Amino acid sequence: MYAVGYVRQSKERKDRESISPETQIEKIKQFAKLQETKVVKIFRDIDISGFRVHYSKRTGLMDMLEYIKANNIKKVYVYNLARLSRRIKDFLEITNELEKYGCSVVSATEMIDMSTPQGRLFRNIMLSFNEYYSDSLSATIHDNHMKNVELKKWNGGHAPFGFSWNKADQKFEKNKDYETLLLIREKAVNMWGVKKISNHLNRRNILSPNGGKWTSQAVKYILLNPFYRGYLQYDGKLYESPLAPKVFSPEDWEKIQENLNRYVNLGPRGKATPHLLTGLLVCGACNSRMEIRYNGSNRVRRYICSNRQNGFVDKCSSSLLDADGIEQAVIKHIKSLTITRYIDQIIEEAQKISRPKANDLKSEIRHLERELEKVIQGQKELYEETFIRKNVTKERFYEMNRIFEEERQRLEEEIKELYKQMNAVDITYIFDYKEELENFSTVFDALSKEEQRTAIHSLVDKIVVHDECATIHLPVGKTKIKSTSNKRGTLYFM
Ligand SMILES: [Zn+2]
């Protein structure tokens with residue numbers, strides 16, 4: 001029988017290190033020989049990512065498809081399936097295309113021959129999806145996979161917000177509150193305080209877990225629940241469990257912690273930090289947070305990039321920042337937003353584009369979320385095939401799971417980005433924001449230092465400081481203030 005081989009090497013580091021084209025070819029030929037098949041031609045795509053480049057842009061692959069069609073080739077040998085594509089969607093499209101010509105894929109290292117029932121199982125795993133599942137399975141399995149299998153028997157109790165326990169199938173299922181859970185995550189990751197989040201939910205008449213009004217405590221409880229990070233409680237201890245979907249990725253969790261700590265650091269009333277902008281100021285040169293430092297014998301307050309503060313002068317040499325000046329300038333600027341037409345213009349713009357755009361975004365998000373569910377379901381089936389039904393070797397599992405992982409991460413990123421865009425055209429939100437701005441202007445001067453700080457934090461996402469200006473990132477857009485001078489390494493804004 002005649003076959004062709006396909007070799008892909010990308011610039012991604014892990015690929016370059018491990019699988020050279022020569023190694024791939026050698027392995028392909030070896031395996032084909034075992035199957036008494038002659039590889040008549042090798043097609044290559046070198047330095048092309050199997051992840052970011054759509055497969056139709058790969059000339060080697062496209063030539064190969066032509067060749068297969070013209071020469072009635074029945075098998076394509078690859079080093080591993082990831083060579084064909086790291087994106088499940090592309091992978092399925094390629095194999096569908098091949099199927100049209102009666103051609104199937106053989107992976108030399110994974111020993112998957114798609115013309116066999118075993119090989120078909122893999123395609124079916126990839127195709128048959130519809131439920132939620134946890135990520136980083138490999139970590140779970142390294143840990144103690146028997147424990148996790150045991151944990152399939154969840155001992156009941158109150159299912160976490162956003163999920164219901166399906167007794168028949170022994171698994172958690174998303175329920176009607178899941179959307180709200182994602183909203184809370186989204187806002188928390190974007191540094192909204194718990195109070196602001198609960199207000200937001202109440203304004204939208206979304207019911208709390210108890211079916212009533214949201215409190216900041218309720219929001220905080222959700223953010224801290226280890227279930228959403230993939231843990232279940234068992235015998236009084238926390239275990240990573242494939243049953244608990246990782247709604248919060250490690251990056252989300254890092255942000256959430258940072259967010260919650262921001263308020264913890266305020267300390268009890270009266271002991272509040274007098275520094276209005278800590279936690280908001282970001283060094284424009286190196287992207288790290290800015291902290292307070294008392295300078296000289298007069299102990300003047302300066303904000304300083306934390307890299308510099310910690311002595312990493314080689315990493316960053318940004319200017320110090322006159323604290324009183326930047327604080328006054330930011331307050332004045334926020335107050336001015338209600339007087340200038342800044343917000344009104346944002347509303348006008350949003351009104352122009354909002355409805356069709358929001359609908360587009362919504363359906364795109366829905367589409368991607370469905371795809372994500374499929375991927376997650378695929379992971380679950382793979383897991384079960386490997387560790388419960390034992391139809392799949394662990395080596396194969398790791399390889400396949402990696403493909404799923406990468407696809408999942410890509411989808412999650414895209415969804416996150418779309419939610420961000422949704423916020424930008426969400427008119428109700430902008431109206432709420434405008435109201436909050438007006439309140440700010442009216443009452444700010446009457447507030448305690450601590451309350452002032454909270455008020456600024458609830459209106460501003462972050463402030464990035466450069467030498468010539470500071471960019472204030474608001475949830476509805478960005479605005480700039482110009483610096484007034486830079487004297488002996490200290491930057492002034494007033
Ligand atoms: Zn810096």
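Let me start with a term: a residue is buried if its relative accessible area is under 20%, exposed if over 50%, and partly exposed in between, using a 1.4 Å probe on protein chains only. Helices and strands here are DSSP runs, H or I of at least four residues for helices and E of at least two for strands, numbered from the N terminus.

With that, take helix α9. Its buried residues are Val194, Lys196, Ile197, Ser198, His200, Leu201 and Asn202. That is seven of the ten residues in 194-203, so α9 is largely enclosed by the rest of the structure. Just after α9, Asn205 has a positive phi of about 55 degrees.

Now, what are we looking at? This is a predicted model, where local features need pLDDT of at least 70 and side-chain atom pairs count only at pLDDT 80 or more, while totals for chains, interfaces and linings use all residues. Residues are numbered from 1 along each chain as its sequence is written, and side-chain values use heavy atoms, with hydrogens and water left out.

On confidence. pLDDT is the predictor's confidence in each residue, from 0 to 100. The protein has a mean of 80, and 84% of its residues reach 70 or more. Two stretches to flag. Over residues 128-152 the pLDDT is below 50, yet this stretch has 81 contacts in the model beyond near neighbours in sequence. A contact means heavy atoms within 4.5 Å. Over residues 264-272 the pLDDT is also below 50, with eleven contacts beyond near neighbours in sequence. Where pLDDT is low, the predicted coordinates should not be read in detail.

Strands pair if DSSP finds at least two bridges between them. Five strands make an open sheet, ordered β2-β1-β3-β4-β5, with mixed pairing. β2 (38-46) and β5 (112-113) are the edge strands, each pairing on one side only. Helix α2 (residues 21-34) packs on this sheet and touches β1, β2, β3 and β4 (104-107), its direction making about 155 degrees with that of β1. Helix α3 (residues 59-71) lies across β1, β2 and β3, at about 150 degrees to β2. Those angles run from 0 to 180 degrees between N-to-C directions, and the axes are lines fitted to C-alpha atoms, for helices over the stretch in contact.

Walk through the pairings. β1 (residues 2-9) and β3 (residues 75-78) run parallel, joined by four bridges. Ala3 sits opposite Lys75 in β3. β3 and β4 are parallel too, over four bridges. There, Val76 faces Val105 in β4. Ser107 has Ile112 as its bridge partner in β5. Four residues separate the strands in that hairpin, and Met111 takes a positive phi near 55 degrees.

Which way do the side chains of β4 point? Ser104 and Val106 go one way, Val105 and Ser107 the other, and all are buried. In a regular strand the side chains alternate between the two faces of the sheet.

On to the metal. Which residues hold the zinc ion? The protein donors are Cys283, Cys286, Cys305 and Cys316, each through SG, at 2.2 to 2.3 Å. Donors are N, O and S atoms within 2.8 Å of the metal (3.2 Å for Na, K and Ca); water is not among the atoms, so sites may look incomplete. The sequence spacing is C-x2-C-x18-C-x10-C. The donor atoms subtend angles of 94 to 117 degrees, which makes the arrangement tetrahedral; for four donors, that label needs all angles between 85 and 135 degrees. Cys283 is buried at 1% relative accessible area. Cys286 is partly exposed at 23%.

Cys283 brings us to another set of strands. β10 (residues 281-283) pairs with β14 (residues 462-465) in the parallel sense, over three bridges. Val282 stands opposite Val464 in β14. β14 also runs antiparallel to β15 (residues 469-474), with four bridges. Val464 has Thr471 as its bridge partner in β15. Three residues lie between β14 and β15 in their hairpin.

Arg229 lies in the loop between α10 (216-224) and β8 (231-234). Is Arg229 buried or exposed? Buried, at 18% relative accessible area. Leaving out residues up to four places away in sequence, Arg229 touches Leu224, Lys246, Phe248 and Trp253.

Last, Lys362, in helix α14 (residues 342-388). Lys362 is partly exposed at 41%. Lys362 and Met422 are 60 residues apart in sequence, and 7.8 Å apart C-alpha to C-alpha.

How values were computed. Tetrahedral: all angles 85-135°; square planar, octahedral: opposite > 155°, others 65-115°.
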